[in-house]
Amino acid sequence: MATATATDFEVRRNDSLGLRLQHLLHGNPVLGPLAVLIVAIIAFSIVNGRFLTATNLSLVLQQVTVIAVLALGQTLIILTAGIDLSAGAIAVFSSILMANFCVKAGMPGFIALVLGLACGTAMGALNGVLVTRIKLPPFIVTLGTLTIFFSLNSVVSNSETVRGTDMSSLMTWTGNSIPIGSFRLTYGSIIMLLLFGYFYYALGRTAWGKHVYATGDDIESARLAGIQTSRVLFSVYTVAGLLYAVGGWILIGRLASASPNVGVEYNLDSITAVVLGGTSLFGGRGSVIGTLIGALIVGVFRNGLQLGGVEVVWQGFAIGLLVLVAVSLDQWIRKVKT
Amino acid sequence: MTTPVLQAKGLTKRYGRVVAIDGSDLELYPGEILAVIGDNGAGKSSLIKALSGALIPDSGEIFLDGKQVHFRTPMDARSAGIETVYQTLAVAPGLDIADNLFLGREERKPGVLGSVFRMLDRGHMRAEAKRHMSELGVATLQNIGQAVESLSGGQRQAVAVARSAAFGSKVVILDEPTAALGVKEGNRVLQLIRDVRDRGLPVILISHNMPHVFEVADRIHIQRLGRRATVITPKSHSMSEAVAIMTGAAEPPPEAAA
């Protein structure tokens, strides 16, 4: 009996081309964003010969680095079916705190850095507590903390920019670079790539990663399966806070200063990168590799359109269109039938 | 007479003035499939929740292998060896079969890789998952690395049942395992339930489906008005007699069948 009914459990295959594509993207969600990135690179290098030069590509990577680190934290949260509107606020506020610990409080660079990172982590943990203890929707929690962090940011900074030259050299170290031919790889970019490597591992090969996916997929099922979902959610928001603070550190290196007035757009840009990378806003589906590709897509489009002579206002238009296409695609892939 | 694997004595649970279970008893013996049937509101799900730790009874006692136990959470029951397959299955659709089998109790690699880097022993878990699935006659799944959402309802049920059979050392409780399935898949899951019993794990099966209950159960516990009305066997009574007892249309026979 056990073997006679074996065919009952075969998966039925459908042969229509659209459905096969749907299945392919469902199984390998990174393929879509990767195709977009490659097509964009080819198109922009045809339009302008300067695009593919090492100098320009290192500029793209530098422009992408901060957003990519924020998007990494954002990915963790979106994988749990949450959202973090305060990503940019935590990054910028952390950078202001580090700079002021260093300059106003006169702390050594290392101490200022560690304290700044700890503050970012605490801000993430606050989001985590509000989401798991008070059980508010992440959208509302982070909308509130976004406003609070930006307001505190203005208070602490007195709306003044701290110049990089006044800080310890450790603060701006992330902006230093290693030349590889005429390509300049900043330490910030190296940190970013290491972080992506680490979280690729943590999400795919550790129990914590499996629990993040399971919690985002179906929180009630995850709880019944014995996962402490509140603990998973809290850890995700806290780790994201730390990542945003690292993003803030890299931001100081990139700008050679700590400015309270940058980064308003980072909140949404980090979500854009995640969505373009094929991670589903409904949770449980996506990858950090996708997010890295998503961040690169944003960077390549901004840079390529600029080189192509497209005005800044229309760059936003193009990226907005891309986001809508990506989300529609996600909806379609989600409806996969077996 | 043998000691019951799982025994409940005089379980009571009140919600305000509503009495969900009113001094209910239950015995599960080694190597049997005990079906629990009852009308809506008869207290069968509360009874099962008390046994699986999802509900703390106001009074009454639960014995596992003759020793009294006090479950305060589902995890307590689980670590005591009672596995429950909930109606919602508690699977993560996006994760693969092996991941789901080990969800919540993943195994790490031995040595530094496991202790410091917390690396999962994916190879071992996949091999184990394959073994458990094939022991239950569901080895036909092409790929143990297949996402659960690409499986049919019956296959998902098979994954959930395999998980409980793999980790349950004492008792497996199945809540309406055939409710959402077609005829063919329903029969396949019934066979799975028999396979679990034949491997030596007693099963408590909660079901509304009388033909299914009469097909697989060794004994049938009929719950009525918050307590056990009687225990019958598919041989001693017909389906319509069981329904009559369940609804109160007929007097329950004295508990001789147990």
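A residue is taken as buried if 20 or more other C-beta atoms lie within 10 Å of its own. By this criterion, 48% of the 258 residues of chain B count as buried in the predicted model. The chain contains nine helices and ten strands. Its C-alpha trace spans about 60 × 40 × 35 Å along the principal axes. Of the contacts in chain B between residues at least 6 apart in sequence, 67% join residues at least 24 apart.

Chain B is divided into domain 1, formed by residues 6–94 + 153–247, and domain 2, formed by residues 95–146. The centres of domain 1 and domain 2 of chain B, taken over C-alpha atoms, are separated by 27 Å. Twelve residues from domain 1 of chain B and eleven residues from domain 2 of chain B take part in the contact. On the domain 1 side, the elements that give two or more residues are α6 (153–167) and α7 (183–198) of chain B. Helix α6(B) supplies the largest share of this side, seven residues. By class, the domain 1 side has eight nonpolar, two polar and two charged residues.

The largest nonpolar core has 163 residues. Those with the most contacts inside this core are Ile67(A), Ala68(A), Met98(A), Ile193(B) and Leu205(B). Helix α11 of chain A (residues 229–255) gives the most to the core, with 15 residues. Domain 1 and domain 2 of chain B both give residues to this core, so it lies between them. Leaving aside residues up to four places away in sequence, Met98(A) touches Ala112(A), Leu113(A), Gly116(A), Met171(A), Gly248(A), Trp249(A) and Ile252(A). In soluble globular proteins, nonpolar side chains tend to be buried together.

Helix α9 of chain B comprises residues 239–247, and within it Ala242(B), Ile245(B) and Met246(B) are buried. These three cover an arc of only 100 degrees around the axis, which puts them on the same side of α9(B). An α-helix has 3.6 residues a turn, so residues three or four places apart point the same way. Ser240(B) and Thr247(B) are exposed, on the face of α9(B) turned away from its buried side. Just after α9(B), Gly248(B) takes a positive phi of about 90 degrees.

Terms used: Residues numbered from 1 in each chain as written. Chains lettered and ligands numbered in written order. Predicted model: local features only at pLDDT ≥ 70, side-chain atom pairs only at ≥ 80, totals over all residues. Helix = DSSP H or I, 4+ residues; strand = E, 2+ residues; numbered from the N terminus. Buried ≥ 20, exposed ≤ 12 C-beta atoms within 10 Å, placed from the backbone. Contact = placed C-beta atoms within 7 Å. Arc of directions from axis to C-beta. Core = buried A, V, L, I, M, F, W, Y, C linked by C-beta atoms within 7 Å. Domains from an automatic or database assignment. Nonpolar A, V, L, I, M, F, W, Y, C, P; charged D, E, K, R; others polar.
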